[in-house]
Structures are given as structure tokens and as C-alpha cells.
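Visitor: I would like to learn how to read a model of this kind, feature by feature. Could you take me through the general idea each time and then the case at hand?

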Amino acid sequence: MEQIRFSICRIDAGGFEVYFWGGDGPCACASASDVWSNDGPGSWLALLAGGKSGYVAFDGEPGAYILALDRGRADVLTVACTGQDSIDWPVPATGALSYQELARQVPIKRVAFQGEIDFPMLAHTTYKAFLPYTLETLPQLRQKYEGNWMPFPQTAWEEFQRLVLARGWDVRPRLQGEGQNPFQQKVLRAIAAQQAQAVELARARYALGDGEADMLYDVTGELLLQVMALIDGYVQGDIQLDLVNRHTGQRLKEEPFLELHDALAEYLRQTGG
């Protein structure tokens, strides 16, 4: 079973390019064109959220790419390409057929990847790839998405996000090990999720023109502020932490009362961080 990762590589001039990465690097790609008005990325989110087998077409010029996911005891991903545009298929551009059923009706030109996958890892990396385009703090990315592709698939995204958050897949699956009590796991998962968001924010800003130093300040500063906000109780209402000096009994947030995330933000501004 492979830990296949999903990445959005390019959204430009009516094209939408994604890659699938394995342990040794890229193992398959799919490039969509909006020439047939088929929203492959939106259909991909809906397929992952649906929990069932199915396929999605990423229209090419010519031909099309197929992303097929067969769910069962083992989850099998197939990335294939055809010599025939999906508009000419005898079946819709997205549907509930298994890959084998679809391949009997659509001419397959080449199979770029097929194998058993770790579905939580695929869902996690798909979530990370789409997340920056949903953040109010990065409106430029949403504008780029919709200016070069189609309206963002908000309904499909919200359904997919609910699934990811409910299963804890917003955190890297490998960090969800055993060996901690439930409260410890909750805090570690929250911080790991904040790190992932901080990294994606910094990467997005870097892509928009920030320098390397700005990116590093962004990612470290954002993570520190989010951790402080977690301690202050503003990230998850069921996590309220009280830091106490065990030698003196003094509480960090008292005498005077202190909001850690506000104090850190002000301090970083003063020091240029």
C-alpha cells in the first residue's frame, strides 16, 4: 500500500494541473482543460467526500485523464489517459463506475499509475492542496483560481472538509500514533494542524512574490501565534491551558492578565519578526 500524495501544480489560462507523488517522486499527473466545461477538480473533491467508488475525467486537448478510485477492503487508485475527449464518451465525465467498468466503455491509451493506496494520506494531501484557496487571508489565491479555472467548488469542498475534520485527516496520518492520552492527542493534533496551515500560508505568499526570509518569518510567526491562540483557548473551545511555573507557582497569564497571542504579536512587530 503506497502513501500517494496529491498536489496542485499549476492553475493557468484555463488549465488545472495536478500531480500524484509516491515515495520516489512524481508517479502520475493529470492536466485538465475547461474546453469542455467539466470541473474535474470539483468532481475530485466530491468523489473523495462521497466514500464510494467512482471516477473523474480531467479533460485534455486531445483526450482526457481518468482519476478512478475503487473503494473496498483495499483502496485502489488508477490514473490513466485516453485518446478520446470525455465529451465523446458514452458515459458522463464523472460517475460511480469502477475503473474496470469504465475501461470497458472508454478506450484507455495508457495507465500512468495503479495501486493500493493509503486513503487517509491521499485525503490529507488533497485537503492541504485546496486549503489555501479557501482562506480569507489569501483572497489573491481564490481570485487566481477562479480567474484561470472555474468558480471554486464550495459545496464539494465543504462536504470534503467535514469528512476530513471528522476523521482527523487534517493532520498528517503518521502523527496520529498511539502512546498519549486523549487530551494529549487533542493538543498535539491541534498544533500539527496549525503547522500545516502555517506552511501552506507561507508557501502561498512566497508564490505571490514574498522573499525567502519573509516566507520563513511568515511560517514561524504564524505557527507561534496559532500555538499561543490555542493556549489562550481561541482555537478549540475544549482546550483551555494554564501555564504555571512549578518552582514559584506563578501563572504565566496572570498578574497582570495576559493574552499570549496578542502579547506575542505585539512583541514580534516591535522586534521586526
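This is a predicted model: local features need pLDDT of at least 70, side-chain atom pairs count only at pLDDT 80 or more; totals for chains, interfaces and linings use all residues.

Visitor: How many helices and strands are in the chain, and what share of the residues is buried?

Guide: Helices (H or I, at least four residues) and strands (E, at least two) are DSSP runs, numbered from the N terminus, and the chain has eight helices and eight strands. Buried means under 20% relative accessible area, exposed over 50%, and partly exposed in between, with a 1.4 Å probe and protein chains only; of the 273 residues in the chain, 44% are buried. Along the principal axes, the C-alpha atoms fill a box of roughly 75 × 40 × 35 Å. Contact means heavy atoms within 4.5 Å, and among the contacts with a separation of 6 or more, 57% join residues 24 or more positions apart.

Visitor: How is a helix crossing read, and at what angle do helix 1 and helix 5 cross?

Guide: Axes are lines fitted to C-alpha atoms, for helices over the stretch in contact, and angles run from 0 to 180 degrees between N-to-C directions. Here the axes of helix 1 (residues 40-50) and helix 5 (residues 154-167) come within 8 Å and cross at roughly 35°. The crossing is left-handed, a term used if the near helix is turned anticlockwise from the far one by less than a right angle. Helix 1 contributes Gly42, Leu45, Ala46, Leu48 and Ala49 to the contact, and helix 5 contributes Ala156, Trp157, Glu159, Phe160 and Leu163. These residues divide into eight nonpolar, one polar and one charged, where Ala, Val, Leu, Ile, Met, Phe, Trp, Tyr, Cys and Pro count as nonpolar, Asp, Glu, Lys and Arg as charged, and the others, Gly among them, as polar.

Visitor: Which residues of helix 5 are buried, and which are exposed on the other side?

Guide: In helix 5 the buried residues are Ala156, Trp157, Phe160, Leu163 and Val164. Seen down the axis, they fall within an arc of 130°, so they line one face of the helix; the arc is that of the directions from the helix axis to the C-beta atoms. On the other side of helix 5, Thr155, Arg162 and Ala166 are exposed. The cover over the buried residues of helix 5 includes helix 1 and helix 3 (119-130). After helix 5 comes glycine 168, whose phi is positive, near 75°.

Visitor: How does one check the length of a helix?

Guide: The expected span is 1.5 Å times one less than the number of residues. For the 14 residues of helix 5 this should give 20 Å, and the end C-alpha atoms are 20 Å apart, which agrees. Helix 3, with twelve residues, reaches 17 Å from its first C-alpha to its last, close to the 16 Å expected. Eleven of the twelve residues of helix 3 are buried, so helix 3 is largely enclosed by the rest of the structure; among them are Phe119, His124, Lys128 and Phe130.

Visitor: Which backbone features in the loops deserve a look?

Guide: Most residues other than glycine have a negative phi, and most peptide bonds are trans. Alanine 13, in the loop between strand 1 (5-12) and strand 2 (15-22), has a positive phi of about 50° although it is not a glycine, and at 67% relative accessibility alanine 13 counts as exposed. Serine 37, in the loop between strand 3 (25-33) and helix 1, has a positive phi of about 60° and is exposed, with a relative accessible area of 59%. The peptide bond from glutamate 61 to proline 62 is cis, with omega near 0°, and proline 62 lies in the loop between strand 4 (54-59) and strand 5 (64-70).

Visitor: Is serine 86 buried or exposed?

Guide: Serine 86, in the loop between strand 6 (75-82) and strand 7, counts as buried at 6% relative accessibility. Leaving aside neighbours within four places in sequence, serine 86 is in contact with Ala57, Asp59, Ala64, Val91 and Ala93.

How values were computed:
Residues are numbered from 1 along each chain as its sequence is written. Side-chain values use heavy atoms; hydrogens and water are left out.
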